[in-house]
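Student: I want to learn how to read side-chain features in a protein model. Can we take one feature at a time?

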Amino acid sequence: MNDGVYVGNAGEDAALDRGWLLGHFKDAGDPRHCEAVEIKWGVHPCGDRRARWVKGEERTALLVLISGRFHVELPGRRVVLARQGDYVVWGHGVDHSWFAEEESVVLTVRWPSVPGYASVREDRTSPA
């Protein structure tokens, strides 16, 4: 029975869909389906980084540090998130990348949820 409620665990559910918990990519009948926003629980080992910068961003994003030490690279600057709750917001058209200086957990919220925007596989590299 679908009563419009979903109860889960971010760490467990994130492992099923490259970290994404909510967005247009969830099945239409799933309470986590949303055209307006996407939410990701990102768990990153030390040394994890995006392989390439995101260019031509079509969304606005908020990234909040839950634990660890995490770098967000933006044109002309690097933001270091070092304390739980540190966050950064960037808007439409701002290219970006990231790097996990320590094992880190981050919560990303981005809007709108753009169908067809995400790549099939996560574009990141992890240490050997």
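Student: How do the side chains of Arg 59 and Glu 38 meet?

Tutor: Side chains of opposite charge can pair when their charged atoms come close. A salt bridge needs a side-chain nitrogen of Lys or Arg within 4 Å of a carboxyl oxygen of Asp or Glu. Arg 59 and Glu 38 form one, at 3.5 Å from N to O. Arg 59 sits in the loop between β3 (49-50) and β4, and Glu 38 in strand β2 (residues 38-44), so the pair ties together parts 21 residues apart in sequence. Strands (E, at least two residues) and helices (H or I, at least four) are DSSP runs, numbered from the N terminus.

Student: What kind of model is this, and how are residues numbered?

Tutor: It is a predicted model: local features need pLDDT of at least 70, side-chain atom pairs count only at pLDDT 80 or more, and totals for chains, interfaces and linings use all residues. Residues are numbered from 1 along each chain as its sequence is written, and side-chain values use heavy atoms, leaving out hydrogens and water.

Student: Is Arg 59 buried or exposed?

Tutor: Buried means under 20% relative accessible area, exposed means over 50%, and partly exposed lies in between (1.4 Å probe, protein chains only). Arg 59 has 2% relative accessibility, so it counts as buried. Glu 38 is buried too, at 1%.

Student: How many salt bridges does the structure hold?

Tutor: It holds eight. One of them joins Lys 26 to Asp 17, with the closest N and O atoms 3.2 Å apart. Lys 26 is buried, with a relative accessible area of 11%. Asp 17 counts as partly exposed, at 21%.

Student: Now rings. How many aromatic pairs does a search find?

Tutor: Rings of Phe, Tyr and Trp (its six-membered ring) pair if their centres lie within 6.5 Å; planes under 30 degrees apart are stacked, over 60 edge-to-face, and the rest tilted. The search of the whole structure finds two pairs. In one, the ring centres of Phe 70 and Trp 98 are 5.6 Å apart and the planes are at 25 degrees, so this pair is stacked. It links distant parts of the chain: Phe 70 is in strand β5 (residues 70-74) and Trp 98 in strand β8 (residues 97-100), 28 residues apart. Both Phe 70 and Trp 98 are buried.

Student: Which residues touch the most other members of the largest nonpolar core?

Tutor: In soluble globular proteins, nonpolar side chains tend to be buried together. A nonpolar core is a set of buried Ala, Val, Leu, Ile, Met, Phe, Trp, Tyr and Cys residues joined through side-chain atoms within 4.5 Å. The largest one here has 13 residues, and Leu 63, Phe 70, Val 72, Leu 74, Leu 81, Val 88 and Trp 90 touch the most other members. Strands β4 (60-67), β5, β6 (77-81), β7 (87-90) and β8 each give two or more residues to this core.

Student: What does Val 72 touch?

Tutor: Contact means heavy atoms within 4.5 Å. Leaving aside residues up to four places away in sequence, Val 72 touches several residues, including Leu 63, Arg 77, Val 88 and Trp 98.

Student: How many helices and strands does the chain have?

Tutor: The protein chain has one helix and 10 strands.
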